[in-house]
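Student: I've got a model open and some labels I'd like to understand. Can we go through them one at a time?

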Amino acid sequence: MSRVEVETGPDAGAAWHYGDPIGEQRMLAEGRGAVLLDHRDVISISGPDRLDWLHALTTQHLSDLAPGVGTTALLLSPQGHIEHVLYGVDDGEVFWAHTEPGHGEALVQWLQRMIFMRRVEVALRTPDLAVVWQPGPAPAGPRITRAGADSLGGHESFVPRDHVDDFLVQVGDGEPARLAGMWAYEALRIAAGVPRVFVDTDARTIPNELGVIEVAVHLEKGCYRGQETVARVHTLGRPPRRLVLLHLDGSMEELPAVGAELRLAGQPDGRALGFVGSTARHYELGPIGLGLVKRNTAVDATLQAEGIAAAQEPLVDPEVGLHIKPRL
């Protein structure tokens, strides 16, 4: 296989493709192959107080998390802005999680500062463990795996780095499993409308804008940092911005850069309505991306980024929320 690596961005150094990015997408969509996410950061949280402690800090209900059940949790600022994300699973003794590349050390440092008289230990495990994604359900056995609503219909395995080759042979039934690169994985993720923190978000993003309330936020748990903002927007509705799937002009050779400003088509000097996050070329949909746009942007408006036209497919309803209003 001819491995081509990602040159820049958060996935730099990871495999971009292995010579056939479109074929690799089809392979994953058919439920075959594997993707090395070994550039993602891994952390472990151990100690008898770990779940109650995480429950108090994050957006997720974790105090009674059962072993083997995958979950997603966010850490918010006091204003409700997303600061960190954990894609985790507990094995009964340790909570294992992976997060975005390059953000593990800051996440560990933040968590360690939050340990007050609690029996908890937090460690960065990236040098020891790699993440491998596979389509389909996780098999039974002692392997540490996570499957969540944002796992693209597959599961992630936490594999010792010095055993990755053996692991791939094992899941390949005696032959090395055929690998797909980040191009294929990202195309499937974008098409599924699953946002990626730090790529499809900015410093002001709140969970309500991304449509992840049911995935990463528990609305009936106790207080946590940033809860007031999340609850208020959920109750009254109308988040400031909303996530959209962008169907990009397929006649253009380039794709918009991450962070490129979105404006109304035909108004290159008009005010920015949002920005582009991740983009990819999908084997069926063509060039696609995720964007975060102002809530009042017309859902049928054609947008433009760096001269490339983009039709919207709404992923978050502009009027989302309970819309509780007092009766007079």
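Student: Where does Thr126 sit?

Tutor: This is a predicted model, and in it Thr126 lies in the loop between strand 8 (121-124) and strand 9 (129-135).

Student: What makes Thr126 count as buried or exposed?

Tutor: Its relative accessible area is 14%. Buried means under 20%, so Thr126 is called buried.

Student: How do you know that the side chain of Thr126 makes a polar contact with the backbone nitrogen of Val42?

Tutor: The side chain of Thr126 reaches that nitrogen at 3.0 Å, and the cut-off for such a pair is within 3.5 Å. Thr126 also touches Arg40, Asp41 and Arg161, leaving aside residues up to four places away in sequence.

Student: Which residues lie nearest the centre of the largest cavity?

Tutor: Arg40, which Thr126 touches, is one of them, along with Tyr87, Asp150, Tyr185 and Arg189. The cavity has 19 lining residues and holds about 210 Å³ of space. By class, the lining has 9 charged, 7 nonpolar and 3 polar residues. Helix 5 (residues 182-191) gives the largest share, 4 residues.

Student: Why are strand 3 and strand 9 called paired?

Tutor: Pairing takes at least two bridges; strand 3 (residues 34-36) and strand 9 are joined by 2, so they are paired, and they run antiparallel. Leu36 stands opposite Val132 there.

Student: What makes strand 10 and strand 12 edge strands?

Tutor: The open sheet has the order 10-11-9-3-12. Strand 10 (145-146) and strand 12 (179-180) each pair on one side only.

Note on methods:
Residues numbered from 1 in each chain as written. Predicted model: local features only at pLDDT ≥ 70, side-chain atom pairs only at ≥ 80, totals over all residues. Heavy atoms only, no water. Buried < 20%, exposed > 50% of the residue type's maximum accessible area, 1.4 Å probe, protein only. Polar contact = N/O pair within 3.5 Å; in protein donor to acceptor, adjacent residues only side chain to side chain. Contact = heavy atoms within 4.5 Å. 1 Å grid on protein atoms, 1.4 Å probe; cavity = no way out; pocket = protein on both sides within 12 Å on 5 of 7 lines; lining within 4 Å. Points joined across faces, edges and corners; volume = space filled by probe spheres on them. Nonpolar A, V, L, I, M, F, W, Y, C, P; charged D, E, K, R; others polar.
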